[in-house]
Amino acid sequence: FYLNGSSPKGPFVPTQADYQKVYEAVAQRLANETDYDDGSYGPVLVRLAWHASGTYDKETGTGGSNGATMRFAPESDHGANAGLKAARDFLEPIKAQFPWISHSDLWTLGGACAIQELGGPTIPWRPGRQDKELAACTPDGRLPDATQGPRHIRDIFGRMGFDDREMVALCGAHALGRCHTDRSGFDGPWNFSPTVFSNEFFRLLVEEKWSHKKWNGPTQFTDKTTSTLMMLPTDMALVKDKGFKPHVDRYAKDSDVFFKEFSDVFVKLLELGVPFQVKPEDRFVFKASE
Ligand code: HIF
C-alpha cells in the first residue's frame, strides 16, 4: 500500500489535494505578477481556457479542451488566438512545477482559478484531459468573429451544444479584460473594473447609451457617458435580439442568478468533448484564496 496511489515504480496518481496545490500555485502567481495589462493575467487566462474549449464540434466530437492543440501552429496562429501566448507562457512555470498535469487540464484549471480569484463564482472542475499531437489541431474558423450578429453567435455556440440562455450567460465573462489593437484590432475594456468578475457587462449593456466609435479601426461601440468603454458588435447583438434580450435583463438585475447560471455554463464549456473518469458529482471545488 502506498500513499496517493504512487509506488516506487508505478505512475504518480494525483489526488484532489494535488490539484488544489496547482490551483494555489496559479493563484499565487496571479497575485505576484501584477505588472501586466490592468494588473492581472486573470482575464487572459479565462480567454485561453475558453479558446482551448470553444473549438468543440458536437457533430464530429473534434476540438474542445481535450488536447491543448493550441500549443502548435497553425492553431496558435489562428487570428482568434492572437495574444494568447501571454497566457500560455504565464502557465509554463506551473507546468514545470507540476509536470504530471497535462497542458489541457492546466489551461482549463487556470481559467477556473482566474474566475474564482477575480471574485467570480466557484467553477467546479475535474481532471482527465490528455494532450494531443499536432495532427489534432482544429481548422481555423471555429471561434467567433466579433464583427458578426446573432445568427453567427447561434451558429458558433450552437455547434458546441449551447442554447440561447447559455450563450448570454457565457457572454458575461466580458466583464473581464479588454480588447487590444495589436491582438484583435478592437480597443478598450467593457467596464471600469476589468479585473473583477461581476454582472457589470449586462448592467452597462442595458443602462448605458452606446454609439458607434469614430475611429479608423473595426466597428465597435462606445459609451455616451465617458467614451472610454467598449462593446463589440457581437455584444450589442445580445440586446438587439429577442431571444437573447430577456436573459441580458435578468442578469443585469440579479447578480446571484448570473453567477449561478454562469458557473454552470462555464463548467460545461470547459468539459466539452472530454472523456472523464471522474463523475460530475465528484467535481473538485477549489478553495479560493482569502
Ligand atoms: Fe471574448 N473576446 N469573445 N469571450 N474574451 C475578447 C477578449 C476576451 C469574443 C471576442 C473577443 C467570449 C466570447 C466571445 C474573454 C472571454 C470570453 C476579445 C479581445 C475579442 C475580440 C481580444 C484582444 O484584443 O485581446 C466573441 C466574438 C465572443 C462570442 C460572442 C466568452 C463569453 C464572453 C465565451 C468568454 O468567456 C475575455 C476574458 C477576454 C479578455 C482577454 C484579455 O486579454 O483581457
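Visitor: Which side chain has an N or O atom 2.6 Å from an oxygen atom of the ligand?
Guide: That side chain belongs to His-180. Please keep in mind that this is a predicted model.

Visitor: What about Ser-184, how far is its polar side-chain atom from an oxygen atom of the ligand?
Guide: The distance is 2.6 Å. Arg-178 also takes part, but through its backbone: an N or O atom there lies 3.0 Å from a ligand oxygen.

Visitor: Which residues come nearest to the ligand?
Guide: The shell has 24 residues, and the nearest are Leu-170, His-174, Arg-178, His-180 and Ser-184.

Visitor: Which protein residue is a donor to the iron atom of the ligand?
Guide: His-174 is the only protein donor of the iron, through its NE2 atom at 2.1 Å.

Visitor: Where does His-174 lie in the fold?
Guide: His-174 is found in the loop that runs between α6 and β1.

Visitor: Changing topic: which pocket holds the ligand?
Guide: The ligand sits in the largest pocket. Two or more residues of the shell around the ligand come from each of α2 (42–53), α6 (164–171) and β1 (178–179). The greatest contribution to that shell is from α2, with five residues.

Visitor: How much space is in the largest pocket?
Guide: The space amounts to about 910 Å³. The pocket is lined by 38 residues, and those closest to its centre are Arg-47, Trp-50, His-51, His-174 and Leu-232.

Visitor: What is the volume of the second largest pocket?
Guide: Its volume is about 220 Å³. There are 15 residues in its lining, and Glu-24, Ala-27, Gln-28, Glu-117 and Ser-289 lie nearest its centre.

Visitor: Which helix gives the most to that lining?
Guide: Helix α1, residues 16–32, gives the most, with seven residues. By class, the lining of the second largest pocket has six nonpolar, five polar and four charged residues.

Definitions and conventions
Residues are numbered from 1 along each chain as its sequence is written. This is a predicted model: local features need pLDDT of at least 70, side-chain atom pairs count only at pLDDT 80 or more; totals for chains, interfaces and linings use all residues. Side-chain values use heavy atoms; hydrogens and water are left out. A residue is near a molecule or strand if one of its heavy atoms lies within 4 Å of it. A polar contact is a pair of N or O atoms within 3.5 Å; within protein, one must be able to donate a hydrogen and the other to accept it, and residues adjacent in sequence count only if both atoms are side-chain atoms. On a 1 Å grid over the protein atoms alone, a cavity is a set of points where a 1.4 Å probe fits but cannot get out, and a pocket is an open set with protein on both sides within 12 Å along at least five of seven lines; lining residues have an atom within 4 Å of a point. A molecule sits in a cavity or pocket if more than half of its atoms lie within 2 Å of its grid points. Helices (H or I, at least four residues) and strands (E, at least two) are DSSP runs, numbered from the N terminus. Donors are N, O and S atoms within 2.8 Å of the metal (3.2 Å for Na, K and Ca); water is not among the atoms, so sites may look incomplete. Grid points are joined across faces, edges and corners, and a volume is the space filled by probe spheres set on the points. Ala, Val, Leu, Ile, Met, Phe, Trp, Tyr, Cys and Pro count as nonpolar, Asp, Glu, Lys and Arg as charged, and the others, Gly among them, as polar.
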